[in-house]
Amino acid sequence: MKSQTLLFSAVIAAVAASPSMAADDQSDWPQSVTIGTGSQGATYYIYGSGWGNLVGERTGISFGAEVTGGPVQNVTMVQMGEHEFGMVTMGPAYQAWQGNSQLAPGVEHTDVRAVFPMYQTALQVIALKDSGIDSIDDLDGKTVGIGPAGGTGDLYFPQIFDKLGIEADTRNGGAADQAGQVQDGLLDAFAFASGIPVSAFSQLEAQADVNIFSFSPEESEQFLEDFPALSASSIPASAYQSLDEPTPAVSIWNFAITHKDMPEGLVYEVTKAVMEEHERMLKVHGSAKETLPENFSQNSFMPWHPGAARWFEENGYDIPDDLEG
């Protein structure tokens with residue numbers, strides 16, 4: 001009898017320590033879920049695949065990262081229930097929340113909920129060194145890739161160029177494709193909004209001499225007031241071999257999102273896995289250095305999913321009353 005009691009106690013302890021918590025009813029959990037990410041060669045796809053694999057290991061659910069056009073598409077796919085999770089920059093997310101989405105105009109995306117903070121996306125540009133293009137001013141009159149339609153770059157670069165009087169012929173495409181087009185001379189430059197470093201930038205600079213730059217402080221002063229989701233930042237010199245010193249830039253925060261009807265227990269486990277496995281996330285992508293619980297405060301408008309809010313509050317982070325979802 002004593003041995004059976006000890007065995008029973010051991011089983012209970014093992015269940016309590018299991019990555020997939022038995023305390024939550026899992027009967028309504030899906031067998032597989034889709035994460036809306038971005039184009040191949042972009043940080044979103046790498047980062048999303050990484051956290052999906054991590055959570056999949058802990059829950060036993062298949063998390064699949066799907067190539068998309070980026071935040072504008074992702075927030076709409078989550079709103080419509082086409083994707084269970086998505087990754088967004090907060091500017092396009094706020095526009096969609098208000099019903100001003102480029103993809104679904106007039107539809108208020110108020111069914112989306114915040115899950116965890118990701119990192120800052122920097123607006124950055126790459127061009128071949130022998131092109132002589134090494135500043136935003138040099139893009140005037142040039143053919144410039146701005147990433148996929150519906151991406152953060154597609155939303156911001158044309159508007160900012162207009163504010164600065166830059167007349168560029170902008171083209172849409174995937175990150176890896178447009179970096180290749182710069183190398184082949186089909187584009188003069190590739191302007192992209194992504195976490196640092198951009199895989200497609202790193203691959204291009206490994207094959208050719210390049211210039212990597214962003215908006216100068218003087219340029220930023222001319223448009224930041226018009227785009228409150230953007231803020232001044234910098235690209236660390238360590239991000240790319242082509243940089244000798246930090247480069248001024250502008251950035252915007254990213255968050256993972258889900259639909260309000262996703263099971264609370266599942267969203268809790270997603271939040272727990274990503275927030276508590278920082279070292280693992282750093283191995284996924286360097287931008288995850290900002291994937292920290294304290295950055296939950298960078299969300300100022302989107303309600304938190306109850307599962308995410310539960311994890312943050314259990315760990316000492318107070319969710320504002322008006323953002324409890």
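**Close-up views of the pockets and nonpolar cores**

**View A. The largest pocket of this predicted model has a volume of about 380 Å³.** Its lining comprises 19 residues, and Met90, Gly91, Tyr156, Pro228 and Ala229 are those nearest the pocket centre. At least two lining residues come from each of α4 (90–97), α5 (152–164) and β10 (247–259). Helix α4 makes the greatest contribution to this lining, with four residues. By class, the lining of the largest pocket consists of ten nonpolar residues, eight polar residues and one charged residue.

View B. Strands β8 (210–213) and β10 each provide at least two residues of the lining of the second largest pocket, and β8 gives the most, with four. Six nonpolar, three polar and four charged residues make up this lining.

**View C. The largest nonpolar core contains 49 residues.** The residues with the most contacts inside this core are Tyr47, Trp51, Phe63, Phe85, Phe116, Val270 and Trp304. Helix α9 (residues 264–276) gives the most to the core, with seven residues.

**View D. Trp51 is shown with its contacts beyond the neighbours within four places in sequence.** The residues in contact with Trp51 are Ile35, Phe63, Phe85, Met87, Phe116, Val270, Val274 and Met281, once those sequence neighbours are left aside.

Definitions and conventions
Residues are numbered from 1 along each chain as its sequence is written. This is a predicted model: local features need pLDDT of at least 70, side-chain atom pairs count only at pLDDT 80 or more; totals for chains, interfaces and linings use all residues. Side-chain values use heavy atoms; hydrogens and water are left out. A nonpolar core is a set of buried Ala, Val, Leu, Ile, Met, Phe, Trp, Tyr and Cys residues joined through side-chain atoms within 4.5 Å. Buried means under 20% relative accessible area, exposed over 50%, partly exposed in between (1.4 Å probe, protein chains only). Contact means heavy atoms within 4.5 Å. On a 1 Å grid over the protein atoms alone, a cavity is a set of points where a 1.4 Å probe fits but cannot get out, and a pocket is an open set with protein on both sides within 12 Å along at least five of seven lines; lining residues have an atom within 4 Å of a point. Grid points are joined across faces, edges and corners, and a volume is the space filled by probe spheres set on the points. Ala, Val, Leu, Ile, Met, Phe, Trp, Tyr, Cys and Pro count as nonpolar, Asp, Glu, Lys and Arg as charged, and the others, Gly among them, as polar.
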